[in-house]
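Subject: Structure handover

Hello,

My notes on what turned up in it follow below.

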Amino acid sequence: MSVSKPRDKSSKEGIFVHMPTNVQNALPPPHSNATALLTDQSGTRSEAAKFKPTSLPTPEQPELDRYVHYLIARMTGGLSPAACAEAFVDWGSHMAVSPGLQLELMGEGIRQWMRLLAFTQQAMGSNAALPPSVEPQPHDHRFVSDGWKQYPFNVFAEAFLLGEEWWHSATTRVRGAEKQSLNRVDFITRQMLDVFAPANFVATNPDVLSRTQSEAGLNLLRGYSNYLDDVKRLRSREAPPGAEKFKVGETVAVTPGKVVYRNHLIELIQYEPTTETVHAEPVLIVPAWIMKYYILDLRPENSLVKYLTAQGFSVFIISWRNPDAGDRNLGFADYRRLGVMAAIDAITRIVGDRKIHATGYCLGGTLLSIAASAMANENDDRLATLTLLAAQADFREAGELTLFIDESQITLLEDMMAEQGFLDSAQMAGAFQLLRSNDLIWSHVVNDYLLGERQPVFDLLAWNSDATRMPYRMHSEYLRSLFLNNDFAEGRFKVDGRTIALTDLRVPIFAIGTETDHVAPWRSVYKFNILSDTSVTFLLTSGGHNAGIVSPPGTPHRSYRMATKLANDKFVDPDTWYATTPKTEGSWWTAWAEWLARMSTGIVDPPSMGSPENGLKPLCPAPGTYVLQR
């Protein structure tokens, strides 16, 4: 987690005031029905004026303290110094009283020096390519070129990998310290070591050194020019070079459709049918509120939306508004009511009594899971199935994102956001980049600044630079309730005063994890098998959090594993499941579409675009207006 950009001067006044009137009017009362919610598509319903959102309750503290915390967050990139210091103190104090471990580490260090010395002697006396004897991590591609197999560069790589191995032992083997502390120390140490990796310097990177010699340093001049261009783009909030080729509504997000409903928080897009008949139940897609929806509607050849329409499904998708300081008090309940429930109510008006295949991606899947559980608790049976794409409900094992989620970290974030009203998208992107710093930070430094080559920008990378902000209240509530307290998975999450749980669901669940996901690790997604009492089909696909989901048929090197656990079946742990579930080559899209077809009740004529007779006249063509907000 990280912090947002400095406060806009325009938001300085009224830092702790209530939401603007137009936002208040867009919020439904706690027990609103479809009629009240859809009275006016502009989001200015008089009936909703009864709902008066209040400021996020926080413990009283001097405003000076809050501002000091904001400045600290700006200087540290959003990391709490207290949390980091606590982790190192915990690790260091237990290391200090572990003389046996200290001796073991000392002996391991001596053995590694001897190993490095022997490797160096072998490398000096050999003209053949000699790879490092230490295997890098599977995701570490810094030392794969042939140049790293030649002396002295193979020695540089060997020394770095041995040091990395030693520090991992030193930071993770201490008994008595909190596991969270050890993981933090290991993560921070790894980030510090990565700064000094030999791949990051001209003199110790064979590929950069060879390029510099062959081009007489022109690559470094180009790299410096690239660096200056990146600084300018960062300051002006411009997209990376090459992203201009992917324009929303022109080259990406071009599947034909109409915005059929709009309120203050969402636009609901209905896509035009491409088949003469469709499956009876439409598909509703709920993307995460921190992303633009069109990751699922990129170019026509890799658009999941276009694929679904071609398979005979009626498709609706939520496009989230990009909140600003005026939306500071929009909370998690507002995103559920104005987002998921408003979309379901609108679709019901269009398709009548047909049920809905609800699909959620990432945090959108978490929000959808909560909404679906609340619907089950209220005996609302409008959902036919629930599909969750790289989404979690249990956050105890949610990957390295949770390393810095504690009271100290969240308090720092809250005080930072109180100064501005939202968490900025650029700072969120920085947090995700740290999780894969070798691929997303240092490879960029080497390629763009040292080799002087611009990495080609493709559609997914261009989309990644077009994120949304998160309101202060929403961000604080979901961090505390989900990441910190894990309330939903542990039976403490309340909706409209009533505790909800996934065990109330009776509709079939299709959960998808991706093998190399650093945001929603697949074993965490797999927990839907034990969190619910209904049929769960779990599919594990190759790829990561984004590229694994955007995986159209025909994509090379794609595979998946899939198995269904019925409500009465015994639980199988994830490692056993992985070992016993056969791999299938190809895209998971085909398997999911076939599953949706089996879960549908028949074939019907396509529904009308919108429902003018029910007050849902199409407002504008897709991709709408909210997706264009910066």
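Predicted model: local features only at pLDDT ≥ 70, side-chain atom pairs only at ≥ 80, totals over all residues.

Strand E6 (residues 356-361) runs parallel to strand E7, with six bridges between them. Ile-356 sits opposite Leu-383 of E7. Gly-360 has Leu-388 of E7 as its bridge partner. E7 itself covers residues 383-389 and is mostly covered, with seven of its seven residues buried.

Both strands belong to an open sheet of 11 strands. The order is E15-E14-E13-E12-E7-E6-E4-E5-E2-E1-E17, and the pairing is mixed. The edges are strand E15 (583-585) and E17, each of which pairs on one side only.

Two helices on the sheet are worth a look. H12 lies across strand E4 (283-286), strand E5 (315-320), E6 and E7. The direction of H12 is at about 140° to E6. Helix H21 (residues 588-599) also packs on the sheet. H21 touches E4, E6, E7, strand E12 (509-514), strand E13 (536-541) and strand E14 (559-565). The direction of H21 makes about 165° with that of E7.

Strand E1 (residues 257-262) and strand E2 (residues 266-271) are antiparallel partners over five bridges. A hairpin of three residues joins E1 to E2. Arg-262 has Glu-267 of E2 as its bridge partner. E1 also pairs with strand E17 (residues 620-621), again in the antiparallel sense, over two bridges. There, Lys-258 is bridged to Pro-621 of E17.

Next, the helix pairs. How do H11 and H12 cross? The axes of helix H11 (residues 332-351) and helix H12 (residues 363-377) come within 10 Å and cross at roughly 75°. Angles of 65 to 115 degrees count as roughly perpendicular, and H11 and H12 are therefore roughly perpendicular to each other. H11 brings Phe-332, Tyr-335, Arg-336, Val-340, Met-341 and Ile-344 to the contact. H12 brings Leu-367, Leu-368, Ile-370, Ala-371, Ala-374 and Met-375.

Helix H17 (residues 472-484) packs against H11 and H12 too, through its buried residues. Those buried residues also pack against H13, strand E8 (422-423) and strand E9 (470-471). The buried residues of H17 are Tyr-472, Arg-473, Met-474, His-475, Ser-476, Tyr-478, Leu-479, Leu-482 and Phe-483. Asn-486 follows H17 and has a positive phi, near 55°.

Last, helix H3 (residues 63-76). H3 has 14 residues and reaches 20 Å from first C-alpha to last, close to the 20 Å expected at 1.5 Å a residue. Which residues of H3 are buried? They are Arg-66, Tyr-70 and Ala-73. Seen down the axis of H3, the buried residues fall within an arc of 65°, so they line one face of the helix. The buried residues of H3 pack against helix H13 (407-418). The face turned away from the buried side carries the exposed residues Leu-64 and Met-75. After H3 comes Gly-78, whose phi is positive, near 95°.

Best regards

Methods
Residues numbered from 1 in each chain as written. Heavy atoms only, no water. Pairing = 2+ DSSP bridges. Helix = DSSP H or I, 4+ residues; strand = E, 2+ residues; numbered from the N terminus. Expected span 1.5 Å × (residues − 1). Buried < 20%, exposed > 50% of the residue type's maximum accessible area, 1.4 Å probe, protein only. Arc of directions from axis to C-beta. Contact = heavy atoms within 4.5 Å. Axes fitted to C-alpha atoms, helices over the stretch in contact; angles between N-to-C directions. Parallel < 35°, antiparallel > 145°, perpendicular 65-115°, else oblique.
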